[in-house]
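User: I'd like to learn how to read side-chain contacts in a model like this. Can you walk me through it?

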Amino acid sequence: QVQLVESGGGLVQAGGSLRLSCAASGNIFSINDMGWYRQAPGKQRELVARITSGGNTVYADSVKGRFTVSRDNAKNTVYLQMNSLKPEDTAVYYCNTKAVVTGAILRNYWGQGTQVTVSS
């Protein structure tokens, strides 16, 4: 079992910044990709950013140049630095990781989400 604990969400004005954190814990054998997704009301959940075990990153076009994803392998933690926030960034942000629990296969794990609200 892998548990993901998210923090850092909140209310911010347009142009402001937030930093999201997600720490994975449990009987983890290995962690592969880690990333962030978001879902606004009435919309599909979409990829925001992800970082592979090799350190490669992928960003949604809408956040390129504004968001930065990083990870601390020693802490099993992934971060999302969000700068120049826009009202359209308002959504519930979900942490995701691909991990292997001892004795199990690679699986996707999700956090419960943290609300990010950007006011104009």
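**Reading the side-chain contacts**

Analyst: Let's start with a charge over a ring. In this predicted model, Arg 45 has its charged end over the ring of Tyr 94, 3.7 Å from the ring centre.

User: Which ring does the charged end of Arg 19 sit over?

Analyst: That one is Tyr 79, and the charged end of Arg 19 is 4.1 Å from the centre of its ring.

User: How many disulfides does a search of the whole structure find?

Analyst: For a disulfide, look for two cysteine sulfurs within 2.5 Å. The search turns up 1: Cys 22 joined to Cys 95, with an S to S distance of 2.0 Å. The angle about the S-S bond is -85°, making the link left-handed.

User: Which parts does the pair tie together?

Analyst: Cys 22 belongs to strand S3 (residues 18-26) and Cys 95 to strand S9 (residues 91-101), so the link ties together parts 73 residues apart in sequence.

User: Is Cys 22 buried or exposed?

Analyst: Buried means under 20% relative accessible area. Cys 22 comes out at 0%, so it's buried, and Cys 95 is buried at 0% as well.

User: Where do Tyr 37 and Trp 110 lie?

Analyst: Tyr 37 is in strand S4 (residues 28-39) and Trp 110 in strand S10 (residues 107-110), so this pair links distant parts of the chain, 73 residues apart. Trp 110 is partly exposed, with 38% relative accessible area.

Terms used
Residues are numbered from 1 along each chain as its sequence is written. This is a predicted model: local features need pLDDT of at least 70, side-chain atom pairs count only at pLDDT 80 or more; totals for chains, interfaces and linings use all residues. Side-chain values use heavy atoms; hydrogens and water are left out. Helices (H or I, at least four residues) and strands (E, at least two) are DSSP runs, numbered from the N terminus. Buried means under 20% relative accessible area, exposed over 50%, partly exposed in between (1.4 Å probe, protein chains only). A charge sits over a ring if NZ of Lys or CZ of Arg is within 6 Å of the ring centre and within 35 degrees of the ring normal.
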